[in-house]
Amino acid sequence: VNTVMQGSAADLIKLAMIKIYKELKRRSSPTKIILQIHDELLFEIPDERVAEEKDLISDVMSGAVKLDVPLAVSISVGKNWAECK
C-alpha cells in the first residue's frame, strides 16, 4: 500500500531537483545540490545568497508538480546538516 506513496515522493523530489538544478545553472548561481536523502535536499549556499536561494528552492519545490493539494516545503539553515535538524 505504501509503495505508491513512496514512488510518488521519489518522483516529486527528482523532478524538483532537476528544476532547481536548471534554474541555478540558468542564473549562474554558485549554489550546489550536495545530497538527497528520501524527501530532503541538502544545498551548499554562500552566506550572502541564502535568503534569495531559499525563496527559489521553496518556490520550485512547491510547484514541481501541479496537484489538487499543495506541496508543503520546509527549509532549515545551518553551517552543517546537524544544525538544520
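User: Which helices and strands each supply at least two residues of the lining of the largest pocket?
Analyst: They are helix H1 (2–26), strand S1 (32–37), strand S2 (40–44), helix H2 (50–62) and helix H3 (81–84). Helices (H or I, at least four residues) and strands (E, at least two) are DSSP runs, numbered from the N terminus. This is a predicted model, in which local features need pLDDT of at least 70 and side-chain atom pairs count only at pLDDT 80 or more, while totals for chains, interfaces and linings use all residues. Residues are numbered from 1 along each chain as its sequence is written, and side-chain values use heavy atoms, with hydrogens and water left out.

User: What volume does the largest pocket have?
Analyst: About 1,000 Å³. Of the 34 residues that line this pocket, Leu41, Leu42, Phe43, Ser74 and Ile75 are the closest to its centre. On a 1 Å grid over the protein atoms alone, a pocket is an open set of points where a 1.4 Å probe fits, with protein on both sides within 12 Å along at least five of seven lines; lining residues have an atom within 4 Å of a point. Points are joined across faces, edges and corners, and the volume is the space filled by probe spheres set on them.

User: Which element gives the most to the lining?
Analyst: S2 does, with five residues.

User: And how do the lining residues divide into nonpolar, polar and charged?
Analyst: There are 22 nonpolar, five polar and seven charged residues. Ala, Val, Leu, Ile, Met, Phe, Trp, Tyr, Cys and Pro count as nonpolar, Asp, Glu, Lys and Arg as charged, and the others, Gly among them, as polar.

User: Staying with S2, which residues are on its covered face?
Analyst: Leu41 and Phe43 are on the covered face, whereas Glu40, Leu42 and Glu44 form the uncovered one.

User: In what sense does S2 pair with S1?
Analyst: The two strands pair in the antiparallel sense over five bridges; pairing requires at least two DSSP bridges. Leucine 35 stands opposite leucine 42 in S2.

User: What about the hairpin, which residue there takes a positive phi?
Analyst: Histidine 38, with phi near 55 degrees, in a hairpin that has two residues between the strands. Histidine 38 counts as exposed because its relative accessibility is 69%, the classes being buried under 20% relative accessible area, exposed over 50% and partly exposed in between (1.4 Å probe, protein chains only).

User: Where is serine 28 placed?
Analyst: Serine 28 is in the loop between H1 and S1. Its phi is positive, about 55 degrees, although serine 28 is not a glycine.

User: Is glutamate 23 buried or exposed?
Analyst: Glutamate 23 counts as buried, because its relative accessibility is 17%. This residue is in helix H1, and a polar contact of 2.6 Å joins its side chain to that of arginine 26. A polar contact is a pair of N or O atoms within 3.5 Å; within protein, one must be able to donate a hydrogen and the other to accept it, and residues adjacent in sequence count only if both atoms are side-chain atoms.
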